[in-house]
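Work through the exercises below with the sequence and the structure beside you, and try each task before you read its solution.

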Amino acid sequence: MLIELNSKLLNESSKPFHSYLLISGSSRYLIDQAKAFSSNLLFNSNDILEHPDIRVVTSENINTLGVDDIRKVITNESIYPIEAKYKIFIFPPTKSLTEEASNALLKTLEEPSNSNIFIITSNGRHWSHSKDDSIKNMLPTLKSRCRTCLLYTSPSPRDRQKSRMPSSA
């Protein structure tokens, strides 16, 4: 299934940063965009959404990712790519990071590896009740280590403006 990659993420593909914070009101859209972005970074294609070098971080806990989950990602699992240039870890919007987990992840983001990209997603539901404050309860130091991208679930105002412009053929 080919997913149209958000223009902001498409622009990031040429020079990727080591960590991103993606914000949108839709959890499904966030995961789809994170996977499509990962596929684009690794394979120059948006259609390889399942691959060992694209890892959605999970937990037995329904609502949170704890420090043990983060330590497992950082230490117990291979954090080196298997086939691609990067190993990409996606933190789903349906699970918030505990403070201890945030601190454990922060240590990794402070000393980034050339072979890893971390994508934290937020739909605002676990961080705050207001979409505008969707990252308010995240550690400021964690936010400061990420490149933040606000993703619209429909075309952004800039993309809508572009689509209204006459094409030069």
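## The sheet and its strands

The predicted model contains an open sheet of five strands, which are paired in parallel and stand in the order S2-S4-S6-S1-S7. The edges of this sheet are formed by S2 and strand S7 (147-150), each of which pairs on one side only. On average, and with direction ignored, neighbouring strands of the sheet are turned by 20 degrees against each other.

**Exercise 1.** Find how many bridges join S6 to S1 and how many join S6 to S4, and name a bridge partner in S6 for Tyr20 and for Lys87.

*Solution.* Begin with S1, which runs parallel to S6 and is joined to it by five bridges; within this pairing, Tyr20 has Ile119 as its bridge partner in S6. Then turn to S4, which is also parallel to S6 and is joined to it by five bridges, and here the partner of Lys87 is Asn116.

**Exercise 2.** Decide which residues of S6 point one way and which point the other way, and whether they are buried or exposed.

*Solution.* Recall as a first step that in a regular strand the side chains alternate between the two faces of the sheet. Next, sort the residues of S6: Asn116, Phe118, Ile120 and Ser122 point one way, while Ile117, Ile119 and Thr121 point the other way. Finally, consider their cover, where a residue counts as buried if its relative accessible area is under 20%; seven of the seven residues of S6 are buried, so the strand is mostly covered.

**Exercise 3.** Determine which strands helix H4 (residues 99-110) touches, and what angle its direction makes with that of S6.

*Solution.* Follow H4 across the sheet on which it packs, and you will find that it touches S1, S4 and S6. Then compare directions: that of H4 makes about 140 degrees with that of S6.

**Exercise 4.** Describe the largest nonpolar core, and say which elements supply it.

*Solution.* As background, nonpolar side chains in soluble globular proteins tend to be buried together. The largest nonpolar core here has 23 residues, and Leu22, Ile88 and Ile119 have the most contacts inside it. At least two residues of this core come from each of strand S1 (19-23), helix H2 (27-43), strand S4 (87-91) and strand S6 (116-122). The largest share, eight residues, is supplied by H2.

## A residue in a loop

**Exercise 5.** Locate Ile62, and explain why it is classed as exposed.

*Solution.* Start with its place in the chain: Ile62 lies in the loop between strand S2 (54-56) and strand S3 (64-65). Its relative accessible area is 71%, and because exposed means over 50%, Ile62 belongs to that class. Even so, not counting residues up to four places away in sequence, Ile62 touches Thr94 and Lys95. The C-alpha atoms of Ile62 and Lys95 are separated by 7.2 Å, although these residues are 33 residues apart along the chain.

## The whole chain

**Exercise 6.** State how many helices and strands the protein chain has, and what share of its residues is buried.

*Solution.* Of its 169 residues, 49% count as buried.

How values were computed. Residues are numbered from 1 along each chain as its sequence is written. This is a predicted model: local features need pLDDT of at least 70, side-chain atom pairs count only at pLDDT 80 or more; totals for chains, interfaces and linings use all residues. Side-chain values use heavy atoms; hydrogens and water are left out. Helices (H or I, at least four residues) and strands (E, at least two) are DSSP runs, numbered from the N terminus. Buried means under 20% relative accessible area, exposed over 50%, partly exposed in between (1.4 Å probe, protein chains only). Contact means heavy atoms within 4.5 Å. A nonpolar core is a set of buried Ala, Val, Leu, Ile, Met, Phe, Trp, Tyr and Cys residues joined through side-chain atoms within 4.5 Å. Two strands pair if DSSP finds at least two bridges between them. Axes are lines fitted to C-alpha atoms, for helices over the stretch in contact, and angles run from 0 to 180 degrees between N-to-C directions.
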